[in-house]
Amino acid sequence: MTASIESGAPFTAAMVQMRTAMLPETSLAQGIELIREAKAKGADYVQTPEVTNIIQQNRKALFELLANDEDDRSLKAYRDLARELKIYLHIGSIAVRATPERAANRSFLIAPDGTILASYDKIHMFDIELDGGESYRESANYQPGETAVISDLPWGRIGLTICYDVRFPALYRALAEAGASFIAVPSAFTVRTGEAHWSTLLRARAIENGCFIFAAAQAGKHESGRETYGHSLIVDPWGEILAEGGTEPGVVLAKIDPAKVQAVRKSIPSLQHGRRFGLADPKAWPEHLHLVRGSA
């Protein structure tokens with residue numbers, strides 16, 4: 001193992017910002033080009049966005065293109081690429097076939113020898129109705145995961161999440177309490193929710209847990225008609241943005257010092273201060289407390 005990836009040593013993280021196509025082959029060519037660019041710029045850890053392989057709105061067309069883990073050509077190609085480039089390659093997620101009727105939105109963390117260190121199925125499904133008729137029903141095609149996942153990198157432990165998970169802070173606290181110094185949030189945020197919440201949510205998760213947040217994003221108007229926000233982010237444990245992408249495909253990088261995690265957690269040890277608590281039933285409260293609360 002080289003000095004650049006000794007335990008706890010600084011390393012370079014790269015977020016690959018993509019505009020995934022409707023065909024896996026087209027998306028793969030784009031992903032490989034950008035990952036090679038990241039490696040050429042010195043990246044040790046490279047992350048791609050959510051649904052790196054395909055963004056397809058039509059269910060029939062989507063399922064005609066899906067494969068299981070063992071047969072997915074994109075995953076095989078990315079494993080070969082990680083082996084060739086000698087990098088930790090985190091495929092933010094790819095759509096894979098889980099059952100004949102359901103897909104999985106699955107993340108893969110790949111080691112420099114091409115082995116899969118960990119995989120994670122997105123737990124929280126993006127089922128929303130936005131004003132103006134914009135709607136998404138991820139659960140119509142995908143089955144949710146049920147297990148949080150962490151894995152060890154040479155520089156520390158990483159927690160795996162995907163996109164909409166970021167709105168559920170209990171997951172991030174559990175990963176941090178399990179020792180995660182870095183948490184990945186590969187995403188495909190909508191423009192509307194991205195403009196309102198993307199940076200705020202990611203910075204909040206970093207600050208709450210004293211960890212680095214790595215969030216590679218989809219960006220721009222896709223062939224499928226979907227439009228994504230972009231602005232891939234790397235956030236440090238103090239909530240400072242170290243690198244940010246724009247709205248076009250590309251690569252953003254930052255030097256990561258794992259020692260900052262311990263420094264921040266020592267200065268604000270909130271992970272050690274959490275306490276269990278009950279929730280009082282308002283119906284059981286004395287009447288005078290209702291009056292006091294009502295007059296506040």
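The lining of the largest cavity comprises five nonpolar, two polar and one charged residues, where Ala, Val, Leu, Ile, Met, Phe, Trp, Tyr, Cys and Pro count as nonpolar, Asp, Glu, Lys and Arg as charged, and the others, Gly among them, as polar. These residues are F126, C163, Y164, R167, A188, F189, T190 and T193. The volume of the largest cavity is about 40 Å³, and the count of cavities of 30 Å³ or more comes to one. On a 1 Å grid over the protein atoms alone, a cavity is a set of points where a 1.4 Å probe fits but cannot get out, a pocket is an open set with protein on both sides within 12 Å along at least five of seven lines, and lining residues have an atom within 4 Å of a point. Grid points are joined across faces, edges and corners, and a volume is the space filled by probe spheres set on the points.

The model is predicted: local features need pLDDT of at least 70, side-chain atom pairs count only at pLDDT 80 or more, and totals for chains, interfaces and linings use all residues. Residues are numbered from 1 along each chain as its sequence is written, and side-chain values use heavy atoms, with hydrogens and water left out.

The largest pocket holds about 400 Å³ of space. Its lining has 18 residues, of which Q57, Y136, E138, Y142 and R226 lie nearest the centre. By class, eight are nonpolar, five polar and five charged. Strand 7 (residues 135-137) gives the most to this lining, with three residues; helices (H or I, at least four residues) and strands (E, at least two) are DSSP runs numbered from the N terminus.

V235 sits in strand 14 (residues 233-235). V235 is buried, with a relative accessible area of 0%; buried means under 20%, exposed over 50% and partly exposed in between, with a 1.4 Å probe and protein chains only. Leaving out residues up to four places away in sequence, V235 touches R203, A206, C211, F212, I213, E240 and I241, contact meaning heavy atoms within 4.5 Å.

Six strands form an open, mixed sheet in the order 5-4-3-2-1-16, two strands being paired if DSSP finds at least two bridges between them. Strand 5 (116-121) and strand 16 (250-256) are the edges, each pairing on one side only. Strand 1 (residues 11-17) and strand 2 (residues 45-47) pair in the parallel sense over three bridges, and A13 has Y45 as its bridge partner in strand 2.
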